[in-house]
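Okay, thanks everyone for coming.

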Amino acid sequence: MRQLSVFLSITAVALAQQAAPDARFRVDTELIQVNVIAQNADGKPVADLKREEFRIFDRGVAQEIRLFEAESEATVPRPTGAKASQVFTNQPPLSTGSRSGYAVILLDTLHTNFGDPRKPEEGSGAAIHKTLELLRSISPSDKIAIYALQRKLEVICEFTSDRILLEQRLRAWKIPIDMPVKTSEAMAEAFAPAKEMREAARIDALGRISASDGELLQVADHLAGIPGRKNLIWIADVFPVSGPALQKLREAGVAIYPVDAFGVCPQLVADSPGEFAPCPPRPVDAMNAIAAFTGGLAYYYRNDLDVAMREALDDGRVSYTLGYYRFAKDSAAGPPQVTVQVSRRGVVLRSQTIRQPGPLPVSRDPKVDAIRTMNQPVDATAIPIALRITPAGDSLDMYALLDLSSLDLVLDHGVWSGKLKLLTRFTDAEGRAVGEASDQTLTLSLRPATYEKAAQLGFPYDLKLKTPAKASELKLLFMNPATGKTGTVTVSLSDVKGHS
């Protein structure tokens, strides 16, 4: 099933399906999408390929292409969806050009010492300086977000095309004091004077790897509901990531572009002409593997990091989205293994399989998982949500619209049924919970006519909450407990007009 985008207007809130005419919903199938970048021998994009020139295979078996979209900067601009003053959503603003206009710059402070960005000539601090240079060159069609991997994922700036805002937020960002002294066990072996220090560095590295893996899963959850390709530019010295996290990022449509912050090696030692610092081995193989698995490119052995990041932003601006139906009986063979071929000579393809967020491993305690998601600094987007809020005295009247296709309802004896968990929580300015959190389970049973209407306009849900004293933020979570699919919306009460 195609992922949906939330379109908002001043007078109405609607969730509109963006399926191609032949992309019909079928109970026993899954629509597998593949984003393909086509280039010629010189690395230039090929923008005029036709559907009939492509062939798509799943585990070596040819598939019928049921979805075909060519995307480029020449694509007719989509509506930006002006946000109503009392409407909030977990979906980012729509790109005004190609669907491939979304990119995340990920600064990995868990594994990289960025140094003092005010002294760009010193070590990896150049990466921050080069990122600032990049931001000055972004186009209006770029939607850029900047996150930081640290002990807890930090949002430096959410998706925006505002170059000034992005630069201001990055300049104001304070690099955490808790920085890695050594970025790899190889460096620890070279520099640590004692066995105890090497062991401490090893344990610290393992803790950082675990933390970053969890945060990458959060990023995947956050980006899953955004349609199309998303480019993640990961700036670090090393790039540890588990297989499950990498798989989840790929299935969320995230192409990873690892950028080695170390730059050109070897490096001259300051104040020592002709003397070079030890050069640790660069993780070139790991970077290439990550990029190849997700459909991105790796950048290393270069100091022009701003140019590298610009290339990563531009990569995929001309691309093709193909789709085919995979029947439920085929799932017994395992996850899809997709390959794409093109008949035109001289065209080189890079492809990325995108799947709608699917079932998660069954949790022993879904409520604990829901609370953990509520505590994440970024919203989960696998269930797209639009929320209209109207103040009513000391309460808030809320009208939510959910993307029906993301709820994974099951057709049983002519009725579409399923369950949703709804959690709400207010917090104060310090992030502490205030008032009583609510926890409800909603049982859904929709007749076909109701289902068809909700498929076009969104599934509505009304609720009213009393606003606790000192509350400054509200967060809502909708979760399908059967699949683990989740959507959250975070609302700053200062943005709710009429709220006192």
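One term before I start: I call two strands paired if DSSP finds at least two bridges between them. And keep in mind that what you're looking at is a predicted model.

With that in hand, let's go to strands E9 and E10. Strand E9 covers residues 143–149 and strand E10 covers residues 154–160, and they pair in the antiparallel sense over four bridges. The link from E9 to E10 is a hairpin, made through four residues.

Now, how confident is the predictor? The pLDDT of the protein chain averages 78, and 76% of the residues score at least 70. Residues 74–85 fall below 50, though this stretch does have 24 contacts in the model beyond near neighbours in sequence. Residues 357–361 are also below 50, with nine contacts in the model beyond near neighbours in sequence.

On to a sheet. This one is open, with three strands in the order E5-E4-E14, and the pairing is antiparallel. Which strands are at the edges? Strand E5 (61–63) and strand E14 (338–342), each pairing on one side only. On average, neighbouring strands here are turned by 35° against each other, direction ignored. Zooming in on strand E4, residues 54–58, you'll find five bridges joining it to E14, antiparallel again. Ile56 is the residue to look at there: it stands opposite Val340 in E14. As a reminder, strands of a sheet pair through backbone hydrogen bonds, either parallel or antiparallel.

Next, some loops. Is Ala252 buried or exposed? Ala252 sits in the loop between helix H5 (243–251) and strand E12 (254–260). Its relative accessible area is 4%, and the cut-off is under 20%, so Ala252 counts as buried. Have a look at Pro227 as well: Ala252 and Pro227 are 25 residues apart in sequence, and 9.0 Å apart in space, C-alpha to C-alpha.

Two other loop residues have a positive phi without being glycines. His413 has a phi of about 55°, and you'll find His413 between strand E18 (410–412) and strand E19 (415–427). Lys470 comes in at about 70°, in the loop between strand E21 (459–466) and strand E22 (473–479). What about accessibility? His413 is exposed, at a relative accessible area of 77%, and Lys470 is exposed too, at 75%.

Terms used. Residues are numbered from 1 along each chain as its sequence is written. This is a predicted model: local features need pLDDT of at least 70, side-chain atom pairs count only at pLDDT 80 or more; totals for chains, interfaces and linings use all residues. Side-chain values use heavy atoms; hydrogens and water are left out. Buried means under 20% relative accessible area, exposed over 50%, partly exposed in between (1.4 Å probe, protein chains only). pLDDT is the predictor's confidence in each residue, from 0 to 100. Contact means heavy atoms within 4.5 Å. Axes are lines fitted to C-alpha atoms, for helices over the stretch in contact, and angles run from 0 to 180 degrees between N-to-C directions.
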